[in-house]
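Here is a short briefing on a structure. Read it with the model open beside you.

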Amino acid sequence: MPLLVAIPLAGGFLMPLVARLTGARRSAAALPILLAAGLLALAVWLLLAAREPIVYWVGGWTFPVGISLVADGLSRLMVVVVAVISLVALVFSVDYMARFTSPGLYYTLFLLMLAGMNGVVLSGDLFNIFVFLEVAGIASYALVAFGTESDELEAGFKYLVLGTIASTFILVGIALVYNVTGHLNWAKVGEAITAAGGPTLPIYVAAAFFLMGFGLKAAMVPFHAWLPDAHPSAPAPISAMLSGVLIKASGVYVLARLVFSVFDGDAGLGWVLVVLGTLSMVLGGLMAIGQGDFKRLLAYSSISQVGYVVLAFGAAAVMRARGMEQAAVGLAVFGGLFHLVNHAVSKSLLFLCSGSVEYATGTRQLDRLGGLGGRMPVTAACLRVGALSISGVPPLGGFWSKLIIIIALAYMAVRGHWAFYIPTALAVATAAVTLVYYAKVQRFVLDGEPSETVLRAREVPFGMRAATLVLAVLCFATALLVVPAIRDRVVTPATEIVLGGAEAGRGGRTITVERKPAPPPAQAAADAPAQTIRLQDGTRQGETP
Amino acid sequence: MDYIRLISVPLVAGAVVYVLWLLGRSRPREADAMPSGVGGGRPAGSGLTQMSAAIAVLAMACTLVLAVMMFRDPPAMVARANTTVDLGPMRFILAFRADALSTLVVLAAAGIAFLVTLYSVRAMAEHPRAPVFFAWVLWTVAAVLTAALANNYLLLVVAWEVATVGLYLLVSMGHPRGRAGAMKTFAILGFADVCLLLGVVMLVHTQGVMNSLSLIDKVGGNDTATPVLAVAYVLMTVAALAKAGAMPLHTWVPAASEHSPTPVFALLPAALDKLLGIYLLARITFEVFAVSAPLATVLMVIGAATILLAVMMAMIQHNLKRLLAFHAVSQVGYMVLGMGLAAYVLAVGRASPDGITAAQAAVATVAFCGGLFHMLNNALYKGCLFLMAGSVERVTGTMDLDRLGGMARSLPVTFVCGVVAAMAISGVPPLNGFVSKWLVYNGALAVGSGLGMVCLVVAVFGSALTLASFIKVLHSVFLGTRGSAVPEGDARQESGWMAVGMVVLAVACVGLGVVAGPAVGRLILPAAEAAGIPVAGIEAAGWGGLALRGGAGLWEPSTATVLILLGIVVGGLVYLYSRALRVRVVDNFVAGEDSTSDELWHVSGTHFYETIRRLPVLRTLFSDASAEAFDPYRLVGRYGWTLVEQLRAWHTGLLAVYASWIIIGLVVLVTVLALG
């Protein structure tokens, strides 16, 4: 299991060497693709092999100094999602990144980001979450600015500044928690809080810091402002990674973990999540309608869809605290996780398609596109599938997750608290809004008469088509997660972890300890900024400086 | 098993067609270096198109046979336990039932779909993506059949939404300029779909453990006096009315009509979507809910308003398809009015201490049967009218009434079928449209409230305006001198494939009118009983007639038909007599010009009703309505856009602003959590 972190981290350090050997050729992608494929195999094996949580103590040290990596149902699900999207994004990169110089740097940063994400979802204590968050964060700051045009640098800088504010508050929050409870391990902190009879004032302040910090990583309104700049500026495969998995691994996942495993599904925090989720869902959706830039629209849509996920988790926390039926609470959690998976797949698909469209036509302005259906049939079909899935159209995956969230919310409204009518109605209205702005995408990109830019367009290379096709098939396949047999195998362990609250959270038993220390994460964090400086030669080919 | 078989025939056939297209397309496309764009170049393989058309027709024929079998011998209800998907408080399960109402809808849907597919063989032959068209038509029909047979709320919602997507993708296959209409269709219907979803979810949650399988037939009589149930009913009604195209959510119908392929429009918005919408309205209004009188009144008003306003918009249109689309909206009004009247009478009956009396039950039955029969009739004559439009469009390439004219010679079959359908839609006896409207009028008369009388007047007036507007259509398209878009010469230009569909539909219009009694008795009354109406009213009487059970005759088509035939015979005699007289025929000259010149003397019918349009108050209303000032889609768009602009204005892109949002947000969070 530590291999999940170690492989990409080691790969990240090997990558400059490999790049030196291969030069700027496409073969530079071979190593990261192989590594990501290996990770995927490992993650799937982990998901299907065992049901109990696996705990690994790095270096053999245990409490209180040891660093633990824990793979329970929730982490395993996240690891699989991360691995799938990374692999597809890397395959897409082979042709897409051929237009950029220094693939070595690109793949190095990519692998570091991957290592960071895997680290976040596997770490068993708060401080290591912070460390891995920074690894992933710094790699992503650099990747956003990878094109080194003025827009991209500006977006990267904003992202850097706001992300750092968030990290600072997270660190302060961790310090507060450590000060009060004396622990950093998830389970121990949770136990300490439960033992103290619920959160006290300093813990609540720390919780507010966490909500803000991780809320920023998850792009919750009003902490979302970096995302619409950062996600469109990055190269398309990176946008897919950022929107598809990074905001979930470093934002939503940690929030869910905190609220359920550490704070034991505290109702107050649940309500805050409901409010934040509703705000993000509605405002993100409304802002998406007004966008004329394809990738910016997708970025706002990410805010909106992640709002659904957070809303579902918040509702689950409130329902659980009010003692509603387990089936209904479980449904809310399942809906949230399911939507997370669906959104990862379909939003990555859409970002990759936007990359293909930009690759072929050179523009991402919606009003300059049109009639792509006839020119680029494969990309157009994939784009259509992704858009329909995220707008919630049966039988695609996105329909089922949205359906489940709405069922759970309405159940809470009818049988629980009247105030839930508001998020329920807004969730339904936003579903319609989502449909409208994706209808807009389809109208301007796919249908209609081909514009001048489109008439010159040709279908993109095989690698890019293959990547989008795989994700389009996955959009159909995720619908199968609703089938009980598959759901019980894949998502239910994760649901149970969330539902179980503090007891089912961390802790567990210690299993075999391997003498194989992972590279110190702090070193990675220190190395990453150095690479951002070297990025300056990452100019695009074919453009005169 | 019967259910699965019926639904899987179009489903599998659609998949086969689609796979064939995927396989067959790749070869020619790689062969030619210049791939053909949308609407340009030759179809990817006309052999492929023919094969997919053949498969589609065959599959539709099988579906029709199976639908007839199901109608004659409805299978028992099934709920396939091994397909259950447990979603906590709700279940998704393949549960079906075939009562008289759903089998009626299935029969009508399969019949129309078969005819339209037959028609599409010719109409879509030149379309570059014809196989995809057939695949989506087959899938959409499968979805409609599923929705009509579903006995599980979630299954209904899924099938309902698939039908929406099918419509959207089919509409967007039309002319490239139609993309705005396609988007509008998808936006409005998508909104309606999520309304349905929310309504269903709320309803099932209130029913709770009583209905843990989420079966539609499980619990009836949810009284809409409870606020939650009233909201659920309203939400579901919004979905039904939007699908059927009643006001105020009708605006997608004309928007989609203009540039979508004609068979698509004849199939879905004109026929199948109406069947589905009215089916759901009937189900929820009479079986699932016990609707209160105020809500039923709203339904009546919506129906009456739809009849009148839509037909007035239809009168001023210059585009034939758009005109027909407004009629498609207007006719829904009769169905909604019929249902509203029935619901109102039943609600009054339930509220009174001695329950629903026999007289009230009779009134409700008459009104409901009128509405439901009108749904069936509308599918027939509206389908026929759209096929007529398609036939005209194939020859002339335009739908602009100003450029058409004098086509009766070149398209005689189309003309006759058009006349029959136009008479039927205008409610001319003894055609089917008259019978159903007559039943609705009777219901409005007997409902015993002032509003009922108003509705009656509006409905009759609307019917007159319908006739007026079809006189304009028939004149503009078929009569008068040749329009500028009509090709020279009097050669016959009928297409056999296209004529079959029209003739069958026109004959059905006449048939259902002349033998109205057995038709209502066999088709409509069982459906009314299945929908939960206390059937006490009408029965077949005499030769094709209808009578109130044990009471006076409602309508006696035999006498009327004989009289009308007599009138036609007399008229024919007079005509022959005048032909027999020797009349000198000379060329006309007016002011030295040859008066047979088409360019100079072409009188288009589009200005027949200019006077009405220019009446003082109506003028402003018409110009506002034409500018879509009353279109909810446009209104929501406009105000929504202002909101969006405001939000965008806040996103200045300044780092300091964003950082301050974060800090403010943090302060609020700390305050809330620390104090709360």
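In which helix of chain A does A:Leu90 lie? A:Leu90 lies in helix α3 (residues 73-96) of chain A. This is a predicted model, where local features need pLDDT of at least 70 and side-chain atom pairs count only at pLDDT 80 or more, while totals for chains, interfaces and linings use all residues. Residues are numbered from 1 along each chain as its sequence is written, and chains are lettered from A and ligands numbered from 1 in the order in which they are written. Helices (H or I, at least four residues) and strands (E, at least two) are DSSP runs, numbered from the N terminus.

**A:Leu90**

- A:Leu90 is buried, with 27 other C-beta atoms within 10 Å.
- A residue is buried if 20 or more other C-beta atoms lie within 10 Å of its own, exposed if 12 or fewer, and partly exposed in between; C-beta atoms are placed from the backbone.
- Leaving out residues up to four places away in sequence, A:Leu90 touches A:Ala29, A:Pro32, A:Ile33 and A:Ala36.
- Touching, or contact, means that the C-beta atoms of two residues, placed from the backbone, lie within 7 Å.

**Chain B as a whole**

- Chain B has 23 helices and nine strands.
- Its radius of gyration (taken over C-alpha atoms) is 27 Å, close to the 26 Å that the globule rule (2.2 Å times the number of residues to the power 0.38) gives for 676 residues, so chain B is as compact as a globular protein of that length.
- Of the 676 residues in chain B, 55% are buried.

**Helix α6 of chain B**

- Because 26 of its 29 residues are buried, α6(B) is largely enclosed by the rest of the structure.
- B:Gly208 follows α6(B) and has a positive phi, near 65°.

**Where the chains meet**

- 48 residues of chain B are in contact with 59 residues of chain A.
- On the side of chain B that touches chain A, α6(B) gives the largest share, 14 residues.
- That side of chain B has 34 nonpolar, nine polar and five charged residues.
- Here Ala, Val, Leu, Ile, Met, Phe, Trp, Tyr, Cys and Pro count as nonpolar, Asp, Glu, Lys and Arg as charged, and the others, Gly among them, as polar.
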